[in-house]
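Please take a walk through this structure, one region at a time. Keep the sequence and the 3D view side by side as you read.

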Amino acid sequence: MQTMALFTSDWNPLGKDIYYRKFELNSMFWTNDVDLKDFIITSAPFGGPIALIERKNWSRLGTNGNTSLKPNQFNIFIFSSLGSIISTIKWKGNELSLISWSNREDLLCIQDDGIVSVYDIYANLQNTFTLDQEIRDTKVLECKTFNGIHGTGIAVLTTSHRFFILNNISDPKIRRLAEVPGLTKSPQCWTIVASNSETIVLVAKDNELYSLNANAQSCQLITPAISAPFTAITEMSVSYDSSHISLLTDSGSLWMGRADNDLTHKYCEFDTKAKARPQQLLWCGNSAVVGLWKNILLVVGPDKDWLNYVVDQPVHMVEEIDGIRIIGNYMQEFLHKVSPVVVDIFGIGSIAPGALLLEANKEFQRHSHRADEYIRMIQERKEMETSVQQCIRAAGHEYGISTQKMLMRAASFGKCFVPHMESKPFVQMCQTLRILNAIRHHSIGIPLSWNQLEVLTVEVLIDRLILRRHFCLALRIASYLKMSEEKGAARVLGNWALLKVKQRVSDDERTARDIFNKLGYSSGVPYSEIADKAIDNGRTQLAIKLLDHELRSSQQVPLLLKLKQHRLALQRAIESGDTNLVHTRLSDRVFSLPQRAIESGDTNLVHTVIIRLREALSAGEFLMTIRDYPIAYSLYQKYCREEETEKLTDLYYQEDDFASEANSWLSRSLTSNNVTQKQSYLQSAYDSFKKSRNEFNASMIDENIRLNKYQIKLEEKFHRKYLSLSLHQTMKQLIIDKEYKLSEELKKEFKVGDRRYWWLKMTILAETAEFLELEKFSKIKKSPIGYEPFVDICLEHRNRYEAQKYLLKINEENKIKYYVKCGLLEDAAKFAFEAKDVEALDYVSSRCGPTNRLLADKITTMKNQLRLK
Amino acid sequence: MIGSNDKTMSHLSTGRLNVNHMKELAKHELLECLDKCMGSKAIVWDHELVGIFGLVADYLLLKEHQVIQMFELRPGRLPAITATHVIYLTRTKLSLMDTIADNLLNEDKKPSIAAKNGREFHVIFVPRRSILCERKLQVLGVYGNLNTISEYGVELFALDSDVLSMEWQNCFQEIYVDNDYTSLFHSAKALMTLQTLYGIIPNVFGLGKSAKVVFDLMTKMRKELSGSEPQITPQIDQLLLIDRSVDLLTPLMTQTTYEGLLDEMFGITHTTIKVPPEKFVHHNSANDGQTSEETIEGPTEAKQFHLNSSEELFVKLRDISFKSVGPTLRTSAKALTQQYDERHNAKTVRQIRQFVDKLPALQSARKSQSNHTSMAELIKEVTDEESFYETIQTEHQFVNCIETDKTSPYIEDCIAKVDPLVKILRLICIQSFANNGLKSKVIEFYKREILQTYGYQHILTFNNLEKVGLIRNSGTYSHRVYNVLRKTLKLTVQGVNELSPTDIAYVHSGYAPLSVRLAQYLDHPGWRAITDVLKTLPEPTIEETQHMAPGLRKRRNSGASIQTGVIEDQKLIAVFFLGGCTYTEISALRFLSQKEGFNADFIVITTNIINGKTFLQSLTHLPLK
């Protein structure tokens, strides 16, 4: 097991079975340019960027003097976590009170008048806001940032010794905290405990400790049980998750305990024997406190165990969730507690299953039979699954790629001995390790530990890669993990395209082409969004080109409408110059709108455009435009038909569409209640039909007009409503009123066909029981409809007697049927017999009921006779 | 009103495609719309929507979601409302906006503020918000009175286990008279929904302009989705899009199936039929103690029935010719009596118990038997009339190309007798179709007769009929299209056996629906064999495959078929009628899939259900007496 010693060489014990490890993450690029002792430094957690301000500027800030040196003009340098410079902010604002990073890796520069400027890592100003008027008036004495559940917050102590708190910088609602009694000079130290439910500021005023609750607006004196006598608390630190707290007194006593309301739960009290204030006092994960005094780094555990490191160079400690990053001039180190699973595997003399599996795999690769012995040992203890899990987890905690490989190989080896073991954890760890190794590489420089990545999540990691413009890697990670388009590829490409739009490195044509080449049609990135940004950036042409690729017309058309307004504004500006060009371009834009809307097939969208065009264009222009788009034109017609009928007639008139115009006149005449108007509309319809060379319809309208005139006369004469009746109904009414002559007159006047007139008159006369008149009528001349209907109609009105009058005139072939109909079965049988028609005889016989027995018998005889012949 | 529809819609899940998903989706969306308003609700219905929503949810369900009052949309004052929310469910018709505005303005006039009591008004547009309607509400000055405006975007309603309909009235008229393609846009959306639920349909065929429009829109919509489609193995193998304008003849022909005749005579709307009550009255008294909804209604009110495949007897009757309805009813009556008679054989307690268990089913079967017997009687009254026989005879004379080139004395007499105009127009349109257009002399004669008899306003009716091609001038035809169609596709079958049919032509007593013939020939021998015919039909023809992930293609004879018990070899073809379809077309498709040697099942999708009456009625803005 000697080889294992290699892995434990940088481990230092802190109590029993607990080890701390400090190791180099990487060397710093800034080695020859930056000496940390000359700079104020602030770094974002999760391997985030670093901001530096030269110390000389900072101290001058404090003295607040010498204007000749332009004290407020200095540089803020932003470095990557590996020490390569990213950008420089040329600070010209007021005196700075604090610079700090937000949880979204934005640099917050807080001025002493309470104005906060937010920069991204490329030194672009993102946002500025003012904390509070009172802060502005009284000035900031000191301020700190903190991360709670709401995001990054700011706590401020003013020169009037009042505390203010802002829980979330993106929602600037600032709250003033309760007053600390008797606080007239700056407190020795203060800190923020941002737990899930509430935000508390702890203020140390000499040997007293006050807790200010933001929610309750209360100020409470608390007395942590510190046994060693002291006169003041000089330093406080809260662990990353706000669950632990440590206090350092001026007597050098370090108190550690749980960060609850009244600090009664104490873990230990440790005498550091250091009277001086430490440069930094931080929690290392949740398990130890680290203090930095010039060249001593002291680690103290909750059980009063301790260890120390000597540092020979100026360093800055950055608190991470699972350890401390130590940034120096030459290198960056990571100090953390060795994970128990790693201790299990690499701990000297460990016989944990994982350790045995690792050993087994080593022997196996050496082709040694001892591999089998180790495997047996594990199997006997039934710990094969645990051993694999241990190796997988340990690999996650290791930074050396060869060590990771060694552990994963062992895990893979062990997996073979467990049937049906779930492979998901193994696969996931392989993926995680590849991602971790990729981002730790110096070309990217985000030195995350496994724990940190788990907390940060891959989605946020991708955001951070996008922020650092590592689009390619972000894209690869997204596709490697098969992330959904929305979370992965589309987000990366979308941001890439937005950057392209903003950067203005190439002309519109080229940019649009580049973007399209990358995105294609199926990336899930909406072109409309990019185009919208392009419009915001004043790149109209680019926006237009991008919109050509937007497939969703519902997104495209509104933006085109938006663009049109821009063009109008532009038009005025250029009016003095080349108007022609501007005008044609404007027209292109406007006129392409209906086309786009129509292509979408979405009627609602077409209506939107029609409405806009109607507002934007003159009536003439509108019609000229809309007629070019048949669909839009039809929809507009339909709208007019329903809502504005007059408009429709005008429209057809202008279009010389006489047939449609005639129809619209006709429908208007139908809805009109005024006779004169009705007639004049009909006249217009007549004229239009004439113009459209539809002579037939024109003649019909003419008939209609004549009929109306006739009806008006009839109305005057009979005081009865005739106008809404058709010609047929008019004649009918006249017959009902026994005005046979008038009806005859109408028949002649309107050339009504004989057949139809006979049907009408016959029906009505029967209906009104004018059977005498009916008979007269039937004798006027030979009926054009035959006499069968006469029989039918009489029977229909249950007048068999009348019906029989017409039987003689009935056509030969129908005779039998009609005699039967009239109930003259006997005659029917006679005719049938005469015609020698057996089938007809059968028919008659089938109509014979029980009362006609005799006849039925007779028919049978007839049939026999016929058969005999 | 709503409700009273089956408590369970289990019959929807019995088909090849579980269309119950469709219904569940529609229900879910409806409830989501309603639940946006917290508290008690009153729904004000657009009259047309009431029946449609009956296909989605019943009153009990709405009650569960705090709907305490329901009214029909009428102008004037709203009835007294106690609910907190008033929800208007309306189509996007501009005239309806006037009514809503009228309601709201009247509400404003109410003196006391207390009466309003924080009442909120909402509008839910079906199927989509419309900018025109919203603007109209603005113009009418009530837009501000509305708390929310939203949409209920459901396109397809399940009428039965193999029929989905958009229930979009007047669809054909909108497309071909108004050139308004809104319904086609929604058809494409409906297909997208369908594909979301049942997978991408690999092969698409189509005929006619609308088919092309819908297919292009669907392709565009798929592109817009850009790959974020659900990955489901396709359940539908083929899609056949049929533009109604490809087959204008079928809806004109009198339907001679049971369901078709019921629709022709009484009209079936959203699977509900209303029939005159006289024939049913005596059954109520026989209804021993069963307080069904029908007994409550007075005898003067029309009887209302739901017609769907949950009723066993109706399944047997719906697709058969009216001539075999009688025999079928007799057989089922006999079987029913036999089952009832079993009680005499029931000796042991166990047997009696078994019989009693069957009783409810028997009772509902008896009720169904008596209802359909009554309906069959109603039908028989009409079919026995001479005029019915004459009309059918004239139709068949025409479609067999007999004396189509001159004016028909029968039509002339019908006009003279002032028969319903729609009947006359149907015949004229059939004649025009069969004669490849009519001579202008003939057209003018008919027109003149009709205009003088029914009024000159019907110039507009003729204008529309000519616009959509139902009546044509023979000069516009270059060759004898119909004769070719009739011959190649065997549209007319002489001596069709209506009692035990062997060909789909039985649905019109000897005329086979052109649309269904096309579907039949697509499967066998394939459209390639009839390219000459297709050329004579309205262009274009679509034959496309839809791209999809290779893994999703259905593997024939896979293990899944054993589990689901479905005969996987039988293809599933969705036939989408753009512009409506008739019950006979549905029956004919059902007949085809049952036919031996035919390897496909059908699911019918349609914009709406039509018959000659409703079809022609929609084409005119005037009532056709």
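The model is predicted. Start with the open sheet of 4 strands in chain A. Its strand order is 3-4-5-6, and the pairing is antiparallel. Strand 3 (39-43) and strand 6 of chain A stand at the edges. Each of these two has a single partner strand, so one side of each is left without a neighbour in the sheet. From one strand to the next, the twist averages 20°.

Now move to strand 5 of chain A, residues 74-79. This strand is mostly covered, with 5 of its 6 residues buried. On one side, strand 5 of chain A pairs with strand 4 of chain A, residues 50-54. The two run antiparallel and are joined by 4 bridges. One place to look is A:Leu52, whose bridge partner in strand 5 of chain A is A:Phe77.

Strand 5 of chain A also pairs with strand 6 of chain A, residues 85-91. This pairing is antiparallel too, over 6 bridges. Here A:Phe77 turns up again: its bridge partner in strand 6 of chain A is A:Thr88. Further along, A:Phe79 has A:Ile85 as its bridge partner in strand 6 of chain A. Strands 5 and 6 of chain A form a hairpin, with 5 residues between them. In the turn sits A:Gly83, which has a positive phi of about 90°.

Next, find A:Leu107 in strand 8 of chain A, residues 107-111. Is A:Leu107 buried or exposed? Its relative accessible area is 0%, so A:Leu107 counts as buried, the cut-off being under 20%. Its contacts, leaving aside neighbours within four places in sequence, include A:Ile76 and A:Ile78. Both of these numbers fall in the stretch 74-79, that of strand 5 of chain A. A:Ala51, A:Ile89, A:Ile99 and A:Trp101 are also among the contacts of A:Leu107. A:Tyr119 lies 12 residues from A:Leu107 in sequence. In space, the two are 5.1 Å apart, C-alpha to C-alpha.

Now go to a pair of helices in chain A. Two packed helices are described by the angle between their axes and the distance between the axes. Helix 28 (residues 754-767) and helix 30 (residues 788-796) of chain A pack at an angle of about 25°, and their axes are 10 Å apart. Angles under 35 degrees count as roughly parallel, and these two helices are therefore roughly parallel to each other. Their crossing is right-handed. Helix 28 of chain A brings A:Trp758, A:Trp759, A:Met762, A:Thr763 and A:Ala766 to the contact. Helix 30 of chain A meets them with A:Pro789, A:Phe790 and A:Ile793. By class, the contact has 7 nonpolar residues, 1 polar residue and no charged residues.

Finish in chain B. An open sheet of 3 strands has the order 10-11-12 there, with antiparallel pairing. Strand 10 (268-269) and strand 12 (303-306) of chain B stand at the edges. Each has a single partner strand, so one side of each is left without a neighbour in the sheet. Strand 10 of chain B pairs with strand 11 of chain B, residues 272-275, over 2 bridges. In this pairing, B:Ile268 stands opposite B:Ile273 in strand 11 of chain B.

Terms used:
Residues are numbered from 1 along each chain as its sequence is written. Chains are lettered from A and ligands numbered from 1 in the order in which they are written. This is a predicted model: local features need pLDDT of at least 70, side-chain atom pairs count only at pLDDT 80 or more; totals for chains, interfaces and linings use all residues. Side-chain values use heavy atoms; hydrogens and water are left out. Buried means under 20% relative accessible area, exposed over 50%, partly exposed in between (1.4 Å probe, protein chains only). Two strands pair if DSSP finds at least two bridges between them. Axes are lines fitted to C-alpha atoms, for helices over the stretch in contact, and angles run from 0 to 180 degrees between N-to-C directions. Angles under 35 degrees count as roughly parallel, over 145 as roughly antiparallel, 65 to 115 as roughly perpendicular and the rest as oblique. A crossing is left-handed if the near helix is turned anticlockwise from the far one by less than a right angle, and right-handed if clockwise. Contact means heavy atoms within 4.5 Å. Ala, Val, Leu, Ile, Met, Phe, Trp, Tyr, Cys and Pro count as nonpolar, Asp, Glu, Lys and Arg as charged, and the others, Gly among them, as polar.
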